[in-house]
Amino acid sequence: MKSLSILWNVFLRDFRKQSGRMTLTIVGLLWGTVSIMLLLSFGEGLYQQMSLNEKGMGEGFSVIWGGRTNKEFKGLPRGRRIWFLADDLPYFSKKIPDAKLITGEMMRWGQRISYKGKYVSHMVNGLYPEYESLRAMYPQMGGRFVNKKDIELKRRVVFLGDEVKKELMPEVENPVGEMVFINSVPFTVIGILSPKQQMNSYASQDAYNVFIPLSTYRTIWNEPYYDNLILAVDKKDYGRMKEFTDRLNLAAAAKYKYDPDDKVLGIWDTIESQKLMGNILLGLKYFLGFVGFMTLAIAGVGVANIMYVSVKERTREIGVKMAMGARRATIQLQFITEALFITFMGGGIGIALIYSATEAFKMIPLDIPVLDIMGRPTVSLVDGLIVTLILGTMGVVAGYFPSRKASSVNPVDSLRYE
Amino acid sequence: MIRMTNVSKVYNTGSIKFEALREVNIEIKEREFCAVVGPSGSGKSTLMNIIGCLDDCTTGEYFLRGTSVANMTQNQLADVRNQTIGFVFQSFNLLPYATAEENVEVPLLFAGKSRKLRLERCRHLLERVGLADKMKNRPTEMSGGEMQRVAIARSLANDPPLILADEPTGNLDTRTGGAIVDLFNELHDEGRTIIMITHDPNIAAKLPRQIYMQDGALVDKLRIAS
Ligand SMILES: Nc1ncnc2c1ncn2[C@@H]1O[C@H](COP(=O)(O)OP(=O)(O)OP(=O)(O)O)[C@@H](O)[C@H]1O
Ligand SMILES: [Mg+2]
């Protein structure tokens with residue numbers, strides 16, 4: 001305990017006395033820490049934002065659409081159109097009972113949507129209530145999505161994408177209950193889509209679409225065919241999506257009589273593409289981290305170097321201290337403490353700086369489109385811990401070898417009259 | 001206080017062996033004041049370093065206050081240097097970045113004394129060597145004589161019974177050197193054992209005991225004269 005307080009007092013005093021040299025090293029280290037944290041926080045922000053964007057479309061499903069046969073099959077000609085009809089939904093559900101959900105949607109591009117003399121042209125989407133959670137179509141406060149009753153009663157109700165609402169009725173505070181026209185048919189607004197970050201889409205961004213009950217859609221356009229089927233699976237089956245779509249293909253081939261190996265259906269597996277994107281993002285984050293790590297390592301070499309030079313410069317001082325009764329262990333620990341102190345000062349200030357900068361950046365309400373893709377730089381706890389760990393190791397290594405040199409100084413040699 | 005039997009010191013420089021001390025036998029009693037004299041290179045500093053536990057001897061035995069130094073651990077040696085011995089060097093060896101007060105503080109720091117005690121002791125010692133007004137001066141802001149006074153104050157920090165001075169007047173003019181010797185006389189009168197290397201025959205002659213060295217061995221005065 002006593003030797004600890006001796007160490008502390010000696011360290012404090014020398015540090016104060018020689019703070020000039022130390023400050024420079026601390027600044028060097030601060031720079032290293034700031035760069036690694038900056039890169040990591042950008043990486044993390046990007047990663048989080050991208051993941052968020054990914055989820056904007058919903059997750060865990062495949063989109064399947066019909067096509068034409070390319071081969072003759074059992075006497076049937078090629079070029080036949082294979083499209084899905086209303087009774088296909090219960091059929092597939094029976095064939096693939098372990099799927100979480102099989103639903104369908106219809107869509108029509110470029111429909112005229114008007115409100116009080118203003119009009120815009122957007123896609124109209126006919127769908128079922130399941131669509132809400134499947135595709136992350138959550139309504140803003142005060143509104144709701146299409147429900148079962150709407151389907152049953154073929155109600156003329158519409159759920160607007162948030163951007164459509166902004167275009168048509170920017171000044172309307174509570175749009176629920178307002179009347180809009182699709183072509184010339186009046187619809188009552190039941191809800192507005194909560195703004196969401198959506199990077200993927202297979203038709204157009206949900207914010208720019210309008211959504212109506214599928215039954216209503218059918219009566220207006222007298223349309224029998226689904227544009228897409230959507231096959232969703234439970235989380236535990238995410239890894240087996242291909243199996244599910246294969247089974248759907250087989251079931252469809254049996255019903256519509258085509259060769260299952262003939263690539264008739266279009267299939268987009270969102271799980272697969274999200275996984276790929278996730279890996280790219282993770283790779284990017286690691287790359288940024290690695291670049292930052294190298295910067296920090298260079299700063300670490302700087303600390304070790306300065307400690308070494310410091311030992312050389314201070315051999316006489318070390319000799320004097322030994323003649324005055326300093327123990328070798330005290331001398332050695334003093335140098336290690338100095339190295340650790342320098343690294344943690346530089347590192348700590350660096351981390352604090354980046355942390356407060358990113359926090360401050362979060363507070364500023366910025367509406368820059370780039371941020372929707374880039375995300376805002378974020379410091380994650382793990383990143384902070386990793387950097388602290390690297391700094392600690394670096395401090396010990398950068399301090400240990402110079403300190404050993406320091407404590408092996410021969411006082412007689414260092415004190416000889418020059 | 002000090003007893004050496006057949007102490008030798010051999011330096012190995014590459015393949016060449018150099019015997020800096022040869023079979024030194026010496027006894028120095030408590031409260032003695034000895035001058036060590038001899039030509040340059042005769043081994044005075046080597047002997048002093050061994051006495052001060054800064055260096056070890058190659059062969060022979062050295063007892064400090066009855067204890068064999070060869071048997072002490074590194075930490076024990078450090079504590080001996082801290083508590084039992086006070087060093088004064090020809091080139092002062094003050095820490096250049098520290099003030100007079102902070103220099104005197106060094107041995108107290110390693111003794112683990114409290115801050116309050118350290119400050120009190122520093123003030124007292126610097127007053128005693130006549131530097132009460134130079135406490136906050138750095139070595140570069142002081143004269144040689146003043147620096148040596150600081151060094152002496154520092155050697156007294158933990159009130160050691162033994163003071164070792166290696167040519168303390170070597171870098172000073174005669175008058176300043178005389179004042180330093182007076183200071184050592186005072187310390188001797190207080191009951192301390194003092195060993196002082198000097199090149200100045202006038203200073204040596206005034207001290208109670210002289211130890212003569214030549215080529216690493218102790219000799220009597222007569223042989224040197226002849
Ligand atoms: N580390 C060393 N390695 C080799 N030889 C050394 C070493 N230290 C001292 N010597 C040699 O030992 C001899 C005695 O040196 P020492 O310093 O004891 O002499 P000194 O009597 O103090 O001389 P001076 O009056 O000049 O200070 C010298 O010849 C010196 O060259
Ligand atoms: Mg000498």
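In chain A, helix α9 (residues 270-313) and helix α13 (residues 381-407) have axes that come within 9 Å and cross at roughly 25 degrees. Angles under 35 degrees count as roughly parallel, so α9(A) is roughly parallel to α13(A). The model is predicted.

**α9 and α13 of chain A**

- The crossing of α9(A) and α13(A) is right-handed.
- On the α9(A) side the contact is made by A:Lys285, A:Phe293, A:Leu296, A:Ala297, A:Gly300, A:Val303, A:Ala304, A:Met307, A:Tyr308, A:Val311 and A:Lys312.
- On the α13(A) side the contact is made by A:Asp383, A:Val387, A:Ile390, A:Leu391, A:Met394, A:Ala398, A:Phe401, A:Pro402, A:Lys405 and A:Ala406.
- By class, the contact of α9(A) with α13(A) has 16 nonpolar, 1 polar and 4 charged residues.

**α1 and α11 of chain A**

- Helix α1 (residues 2-17) of chain A and helix α11 (residues 328-363) of chain A cross at roughly 55 degrees, and their axes come within 10 Å.
- α1(A) and α11(A) are therefore oblique to each other.
- Their crossing, α1(A) with α11(A), is right-handed.
- α1(A) contributes A:Ile6, A:Leu7, A:Val10, A:Phe11, A:Asp14 and A:Phe15 to the contact.
- α11(A) contributes A:Thr330, A:Leu333, A:Gln334, A:Thr337, A:Glu338, A:Phe341 and A:Ile342.
- The residues of the contact of α1(A) with α11(A) divide into 8 nonpolar, 3 polar and 2 charged.

**α3 and α4 of chain B**

- Helix α3 (residues 100-110) of chain B packs against helix α4 (residues 115-128) of chain B at an angle of about 125 degrees, and the axes are 9 Å apart.
- That angle makes α3(B) oblique to α4(B).
- The crossing of α3(B) and α4(B) is right-handed.
- From α3(B), B:Ala100, B:Glu101, B:Val104, B:Glu105, B:Leu108 and B:Leu109 meet B:Arg118, B:Leu119, B:Arg121, B:Cys122, B:Leu125 and B:Leu126 of α4(B).
- The contact of α3(B) with α4(B) has 8 nonpolar, no polar and 4 charged residues.

**Ligand 1**

- Ligand 1 is surrounded by 16 residues, of which the closest are B:Ser40, B:Gly41, B:Lys44, B:Ser45 and B:Thr46.
- A polar side-chain atom of B:Ser45 is 2.7 Å from an oxygen atom of ligand 1.
- An N or O atom in the side chain of B:Lys44 lies 2.8 Å from an oxygen atom of ligand 1.
- A polar backbone atom of B:Gly43 lies 3.0 Å from an oxygen atom of ligand 1.

Key:
Residues numbered from 1 in each chain as written. Chains lettered and ligands numbered in written order. Predicted model: local features only at pLDDT ≥ 70, side-chain atom pairs only at ≥ 80, totals over all residues. Heavy atoms only, no water. Axes fitted to C-alpha atoms, helices over the stretch in contact; angles between N-to-C directions. Helix = DSSP H or I, 4+ residues; strand = E, 2+ residues; numbered from the N terminus. Parallel < 35°, antiparallel > 145°, perpendicular 65-115°, else oblique. Left-handed = near helix turned anticlockwise from the far one by under 90°. Contact = heavy atoms within 4.5 Å. Nonpolar A, V, L, I, M, F, W, Y, C, P; charged D, E, K, R; others polar. Near = heavy atom within 4 Å. Polar contact = N/O pair within 3.5 Å; in protein donor to acceptor, adjacent residues only side chain to side chain.
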